[in-house]
Amino acid sequence: MEINSSSPGISNPPPLIFSTESPSITSATPSPCINSIPKTPKSPLARMMTPLASPMKKAIASMQTYLEEMGHLTKLDPQDSWLPITESRNGNAYYAAFHTLSSGIGFQALLLPLAFTTLGWVWGIISLSLAFVWQLYTLWLLIQLHEAVPGTRYSRYLRLSVAAFGERLGKILALFPTLYLAGGTCVSLIMMGGSTLKIFFHTVCGATCNANSLSTIEWYVVFVCSATVLSQLPNLNSIAGVSLIGAVTAVTYCTLTWALSVSTTRPPGVSYAPIRTESDVENICGVLNALGIIAFAFRGHNLVLEIQGTMPSSMKNPSSVPMWKGVKFSYIIIAFCLFPMAIGGYWAYGNLIPTNGGMLSALDQYHRNETSKVILGFTSLFVVINSLTSFQIYAMPVFDNLEFRYTSKQNGPCPWWLRTGLRIFFGCLAFFISVALPFLKNLAGLIGGVALPVTLAYPCLMWIRIKKPEKSSAMWWLNWTLGTLGLALSVLLVFGAIWSIVTQGIPIHFFKPQ
């Protein structure tokens, strides 16, 4: 028998393992009478394997896909399943939007018109716009760095910093700022929430209730007790509904505040001339302090990795996709809150904007008599609710860190009574600091300077260290420039804030909140 007589139809060659064809014959032009040539019978072994071939092929392909995903995905640390941030990984884009809105909009937005009193119209709008674009870019960097190393998820800002800069330097750079942003923000929220509760009480009750009104410290106690009860929700995903309520109230009170300010009569003596002094150094420090207030308005970068860590992830469906969708949606809304607040508030009050409390104090001071008590009451109530909900998400990294110490030593999850006790302890500690150091809310510029590297500088430098872009490429130059500029700006902001505090002074009164 000739070898070419066993060739099957050219259009459908059999598997090579069973073929005895010569390559030259396989590639030759088929003969018109090729179908009339008898074909060699298939091996009985081939018939035996045919029923198994399809299922085995599918099983091998499935196993290959699984192994690829496991290699790309995560070597899950069992300890992560015991900690409140990563205890639940069923988050989605909606949860990400809720958390980002709740953490991204807050009382700091009420202070934005203060920055315009020093910067003026043009430089105020330019600075706010550049800061918004810059911090949105660094948010994108953090989201991409969450799974930058195959097999590892960086679900905490500190861990990403350690991976980028090393154990010692990473902790030096990120530990204090992130804990300060978390714990310090909770202290500020107690001050804002407690004092706004007092305003709400007086607005609703009127002059008849002044005799029976609680003191400021007592209102702090009411707020802390409410926040501590709410903080017993176990993990970050479990407070998604709380964050949604916080996001809705934040958008509502921001809109109400600037809309009421713009729609009512402006107080007499409004001026838009930037505040200047005879000292050039004081003027420079005033500008730096204003930039610090703008930087302080953009918070939440210390939480973005934690939020993304609550999401499931695979090679085909990485967590960065739903996270970026949620962030984009939330920051469109944030832009529609912050820009009207800054521009509308400055237009309504100019240089008359109060330095203590910002827009909320201005509304209460200039429009209390001409605005409905119902609207003023609802505005104050929404601020309180938002402060309560923001407290939960900013306290979560602190809870996570406290429980991490326990689980590392005991190699097991925290019992419920210890978790409850740790959260009550933190609430009491934050309350003590808010009472002992009530002047902290006047340090917005200084806080903005300290927080600025976490927001604008470190993500750029971490991208270079982990991603290692080609030297002198566009991404290399962009991130080096922004990272270096962010660090330099941070030093200048801290210096300017300290100089302003020393020269102009702030009312320092320990254990006497007002």
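In this description, a contact means that heavy atoms lie within 4.5 Å. The structure is a predicted model, in which local features need pLDDT of at least 70 and side-chain atom pairs count only at pLDDT 80 or more, whereas totals for chains, interfaces and linings use all residues. Residues are numbered from 1 along each chain as its sequence is written, and side-chain values use heavy atoms, with hydrogens and water left out.

The secondary structure of the protein chain consists of 16 helices and zero strands; these elements are DSSP runs numbered from the N terminus, with helices (H or I) of at least four residues and strands (E) of at least two. Of its 514 residues, 48% count as buried, where buried denotes under 20% relative accessible area, exposed over 50%, and partly exposed the range in between (1.4 Å probe, protein chains only). The accessible surface of the chain comes to about 24600 Å², and 69% of this belongs to carbon and sulfur atoms; such areas were computed by the Shrake-Rupley method with a 1.4 Å probe, and for residues only the protein chains shown count as cover. Among contacts with a separation of 6 or more, 84% are accounted for by residues 24 or more positions apart.

In soluble globular proteins, nonpolar side chains tend to be buried together. A nonpolar core is defined here as a set of buried Ala, Val, Leu, Ile, Met, Phe, Trp, Tyr and Cys residues joined through side-chain atoms within 4.5 Å. The largest such core has 114 residues, and those with the most contacts inside it are Leu128, Tyr157, Leu160, Ile294, Met323, Phe391 and Met462. Helix α4, spanning residues 112-145, gives the most to this core, with 15 residues. Ile294 belongs to helix α9 (residues 280-297) and is buried because its relative accessible area is 2%. When residues up to four places away in sequence are not counted, Ile294 touches Leu112, Ala115, Leu119, Gly124, Ser127, Leu128 and Ala131. The C-alpha atoms of Ile294 and Leu114 are separated by 9.3 Å, although the two residues are 180 residues apart along the chain. For Met323, with the same exclusion of residues up to four places away in sequence, the residues touched are Ala96, Thr100, Ile143, Val304, Ile307, Gln308 and Met311.

Helix α4 also contains Trp123, which counts as exposed because its relative accessibility is 57%. Together with Val122, Ile126 and Leu130, Trp123 forms a nonpolar patch on the surface, with about 440 Å² of accessible area in total. Patches are made of residues with over 30% relative accessible area and no salt bridge, like charges being joined within 9 Å and nonpolar side chains (Val, Leu, Ile, Met, Phe, Trp, Tyr) within 5 Å.

Eight salt bridges are present in the structure, each being a side-chain nitrogen of Lys or Arg within 4 Å of a carboxyl oxygen of Asp or Glu. A network of salt bridges links Asp80, Arg89, Arg156, Arg159 and Asp400. Asp80 lies in the loop between α2 (44-72) and α3 (93-104) and Arg156 in the loop between α4 and α5 (157-165), so the pair ties together parts that are 76 residues apart in sequence. The side chains of Asp400 and Arg156 meet in a further salt bridge, at 2.9 Å, N to O. Since Asp400 lies in helix α13 (residues 373-410) and Arg156 in the loop between α4 and α5, this pair ties together parts that are 244 residues apart in sequence. Asp80 is buried at 9% relative accessibility, and Arg156 is buried with a relative accessible area of 7%; Asp400 is likewise buried.

Thr216 is found in helix α7 (residues 216-230) and is buried, with a relative accessible area of 7%. Not counting residues up to four places away in sequence, Thr216 touches Lys198, Pro513 and Gln514.

Most residues other than glycine have a negative phi, and most peptide bonds are trans. Positive values occur at Asn411, with phi near 55 degrees, and at Ser472, with phi near 70 degrees. Asn411 lies in the loop between α13 and α14 (416-436) and is exposed at 60% relative accessibility. Ser472 lies in the loop between α15 (444-467) and α16 (474-504) and is partly exposed, with a relative accessible area of 46%.
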